[in-house]
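Colleague: I have the file open and would like to go through it with you. Could we begin with the strands?

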Amino acid sequence: MAIATILWVDDEIESLHSQKIFLENKGYEVHTLTNGFEAIDFVKEHHVDVVLLDESMPGITGLETLQKIKEVNRQIPVVLITKNETENLMDDAIGSQITDYLIKPVNPNQVWLSLKKIIDNKRLVAEKTTTAYQQQFRHLFMALNSNPDYNEWMDIYKKLVYWELEMEKSDSPEMREVFQTQKQEANTEFFKFISKNYAGWLKPGATNIPVMGHNLVKQKVLPNVEKGTTTFFILIDNLRYDQWKAIQPLFAENFRIVEEDTFYSILPTATQYARNAIFAGMLPVEIEKQFPNEWKNDDDEGGKNMHEEEFFRAQLKRLKRPDIKFSYTKIIHHTDGQQLVNNVHNLLQNDLNIIIYNFVDMLSHARTEMEVLKELAADETSYRSITRSWFEHSPLNQALKRIADKKINIVLATDHGSVRVKTPCKVIGDKQTTANLRYKHGRNLNYDPKEVLAFRDPREIGLPVPNVNSSFIFAKEDGFLCYPNNYNYYVNYYRNTFQHGGVSLEEMIIPVVKMVSK
């Protein structure tokens, strides 16, 4: 059976007979024709894997033939072969979506390489990916078992995300399974690392600690704010590092990525804690102390992220930067996004523009509730794909394109990530216990200590004490916390949904990226 069916169209096809035999010896089935009209009819009636097309033919040119072939079947790869190297012709050919371009005289190996690239590309990439990961597996295994510090953990997670994205090119279910097992093992070790070190990072006067949510503005945003250049601080709520990698190529079309980094979300990895900490520049226990009327605990009435602008203004004052002229825009509805598109040029008169975009967070919550979204974002790959599709068509992307030709800085970050939960953990609590699936606080919590990270005194990790004797617990790895009543119903309802609030690489190690206009 032939590797593939090739149609070669050239008005001097007799002179290419030896090349035809060469390709047939390599296993290809080669049909030859001498003009464009016959080629169009052939494509209509036969299956063809690749068309080799001479540009200069009497009657109908190669480019005209190309156009007609694409009308018959847009998917057929076409390799244009020409004597003519003029820029106009090349522009026309590329604009007409050719797959490859060869200059006459062509030798058999050139043609063969082009066909291999087109037909075998996917298989060769898949094989190479699998082999490369097998070689890297041992390095990652050793890194996990060498007591990594917080910097090394960020490096390990970046490598895991790299291989997760590479695995999309592999067609080996076995290798994907090996990778998933290694990622799971990494999360097990990461949970031990956080259990051991997290409280120490938050002790007053602690040194050698990572950049975390509550010091993100001071360390990663304000150093980029300079007079004469507008800085945009874009916070996309609940954006994992792998989702950033999915939208990175879209940013790279208009902006130069200067620094791609990660930082640690605070616990709980949930919006009302993590995002308030970013804008206040303080841990939640300090926010509650300084803003007793504005801070809301989980069981308090009202919105939990209503005062970020006020918190941010106080942080600027505390950091002796009250002169910074800033705007604050929160985008929750599509109409807010359209207003941003219309208004983005006016923002260029500010030193700093904060834009909070809520889409990804809403997507993860909606996915839990709506069957259609469970289907669309069934796993990590499709979750990334939906994120990319959203950003590509979003008002945020439109607005940034409008000002891409201006001299601006962008700092893009998030407040926390999310993890796909699979393992239920039973928790018993009283009526005051919170309903979150990845963390809970309350009095008299009953749980298996092996399944959670627990803090009897929340102040130890910078959190308020909502009620006397309230303790906090955080789910680990892919666990989710369920009550015993209606247990099976809730386990089935929430299993395989994306949740946040707990301890995992996906929730805690999150992107912060600096870009400048090209």
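This is a predicted model: local features need pLDDT of at least 70, side-chain atom pairs count only at pLDDT 80 or more; totals for chains, interfaces and linings use all residues.

Colleague: Why is E3 described as largely enclosed?

Modeller: Five of the five residues of E3, residues 50–54, are buried, so the strand is largely enclosed by the rest of the structure. In a regular strand, side chains alternate between the two faces of the sheet.

Colleague: Which strands are joined to E3?

Modeller: Strand E1 (residues 5–9) runs parallel to E3 and is joined to it by four bridges; strands count as paired if DSSP finds at least two bridges between them. Leu-7 stands opposite Val-51 of E3. Strand E4 (residues 78–82) is also parallel to E3, again with four bridges, and there Leu-53 faces Leu-80.

Colleague: Through which helix does the chain cross from E3 to E4?

Modeller: The chain passes through helix H3 (residues 62–72), and this β-α-β crossover is right-handed. Right-handed means that, with the strands pointing away from the viewer, the path from the first strand over the helix to the second runs clockwise.

Colleague: On to E13. Which way do its residues point?

Modeller: In E13 (residues 439–442), Tyr-439 and His-441 point one way and Lys-440 and Gly-442 the other way, and all are buried. Four bridges join E13 to E16 (residues 471–475), and these two strands run antiparallel. His-441 stands opposite Phe-472 in E16.

Colleague: Now the helices: how many residues of H11 are buried?

Modeller: Ten of the ten residues of H11 (residues 271–280) are buried, so this helix is largely enclosed by the rest of the structure. Among them are Gln-272, Arg-275 and Asn-276. Just after H11, Gly-281 takes a positive phi of about 70°.

Colleague: Which peptide bonds are cis?

Modeller: One joins Lys-104 and Pro-105, with omega about -5°; Pro-105 is in the loop between strand E5 (100–103) and helix H5 (108–119). Another runs from Leu-267 to Pro-268, with omega near -10°, and Pro-268 lies in the loop between strand E7 (255–264) and H11.

Colleague: What about Asn-208: is it buried or exposed?

Modeller: Asn-208 is exposed, with a relative accessible area of 63%. Although Asn-208 is not a glycine, its phi is positive, about 50°. Asn-208 sits in the loop between helix H8 (173–201) and helix H9 (216–221).

Colleague: And what is the phi of Asn-486?

Modeller: Asn-486 has a positive phi of about 55°, although it is not a glycine. Asn-486 is exposed, at 54% relative accessible area.

Colleague: Last topic: how many helices and strands are there in the protein chain?

Modeller: There are 20 helices and 19 strands. Of the 518 residues in the protein chain, 54% are buried. The C-alpha trace spans about 90 × 50 × 40 Å along its principal axes.

Note on methods:
Residues are numbered from 1 along each chain as its sequence is written. Side-chain values use heavy atoms; hydrogens and water are left out. Buried means under 20% relative accessible area, exposed over 50%, partly exposed in between (1.4 Å probe, protein chains only).
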